[in-house]
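Thanks for coming. I have one structure to go through today, so please have the sequence and the model open.

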Amino acid sequence: MNQAAMTLWQAIDALAAQVPFSKEKVESAIPTRLRDTEAPGSEVFRFFDGTPVQLGDGVEVSKIDLRIKREGSHPGFLVLDLKGQCVSLDEVRQRYKNLQIFGMPTGRSLDEATSYSTALGWGQLSFGFRERNPACLGYVVFDPA
């Protein structure tokens, strides 16, 4: 597992500064190595996953999912799955004041989440709290415009 002195919030800022995303830009923003998963049905998008990263504040980026369109202009799409140090909704709200509920669980799985999103200059940033552990941030989604 790679180590980074940055906090979760610094990692989010560093990644947001890389929009539009590319494999190289994400790898330069946080210490991870992305590999093309060559996922079936990936004629439109290239799918990359990354090695875990232990951040300086105890949060672990356990999985990195980057999607880049193969042709045409598209800013990419990035998801960070988190574990380790618990990050509460209150902590997220301290950083991002204008959060709106974006999605809610339907009761079908403990992996469903309540998602809170905010619109930023580069696109939408979302924070997911899974039913399995609803008090702690489970993932962060970067959806550039």
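A contact, as I use the word here, means heavy atoms within 4.5 Å. Keep in mind that this is a predicted model.

With that cut-off, take Phe127. Leaving aside residues up to four places away in sequence, Phe127 touches Trp9, Ile12, Val92, Tyr96, Leu99, Thr114, Ser115, Tyr116, Leu137, Tyr139 and Val140. Phe127 also belongs to the largest nonpolar core, where Phe127 and Phe142 are the residues with the most contacts inside the core. That core has 37 residues. Which elements supply at least two residues each? They are helix H1 (8-16), helix H2 (23-29), E5, E6, H3, E9 and E10. H1 gives the most, with six residues. As general background, nonpolar side chains tend to be buried together in soluble globular proteins.

Next, the disulfide. Searching the whole structure turns up one. Cys86 is joined to Cys136, with an S to S distance of 2.0 Å. The two cysteines sit in distant parts of the chain, 50 residues apart. Cys86 is in the loop between E6 and helix H3 (89-95), and Cys136 is in the loop between strand E9 (123-130) and strand E10 (139-144). The angle about the S-S bond is -105°, and the link is left-handed.

Are the two cysteines buried or exposed? The cut-off for buried is under 20% relative accessible area. Cys136 has 15% relative accessibility, so Cys136 counts as buried. Cys86 has 29%, so Cys86 counts as partly exposed.

Cys136 comes up again at the largest pocket. The volume of this pocket is about 190 Å³. It is lined by 14 residues, and those closest to its centre are Leu82, Asn133, Cys136, Leu137 and Gly138. Which strand gives the most to the lining? Strand E6 (residues 77-84) does, with three residues. By class, the lining has six nonpolar, four polar and four charged residues. Leu137, one of the residues closest to the pocket centre, is also among the contacts of Phe127.

Last, Val59, which lies in strand E5 (residues 59-69). The relative accessible area of Val59 is 2%, so Val59 is buried. Again not counting residues up to four places away in sequence, Val59 touches Leu8, Val53, Gln54, Leu82, Lys83, Gln85 and Val87. Take Lys83 from that list: Val59 and Lys83 are 24 residues apart along the chain, and their C-alpha atoms are separated by 6.1 Å.

Note on methods: Residues numbered from 1 in each chain as written. Predicted model: local features only at pLDDT ≥ 70, side-chain atom pairs only at ≥ 80, totals over all residues. Heavy atoms only, no water. 1 Å grid on protein atoms, 1.4 Å probe; cavity = no way out; pocket = protein on both sides within 12 Å on 5 of 7 lines; lining within 4 Å. Points joined across faces, edges and corners; volume = space filled by probe spheres on them. Helix = DSSP H or I, 4+ residues; strand = E, 2+ residues; numbered from the N terminus. Nonpolar A, V, L, I, M, F, W, Y, C, P; charged D, E, K, R; others polar. Disulfide = S-S within 2.5 Å. Buried < 20%, exposed > 50% of the residue type's maximum accessible area, 1.4 Å probe, protein only. Core = buried A, V, L, I, M, F, W, Y, C linked by side-chain atoms within 4.5 Å.
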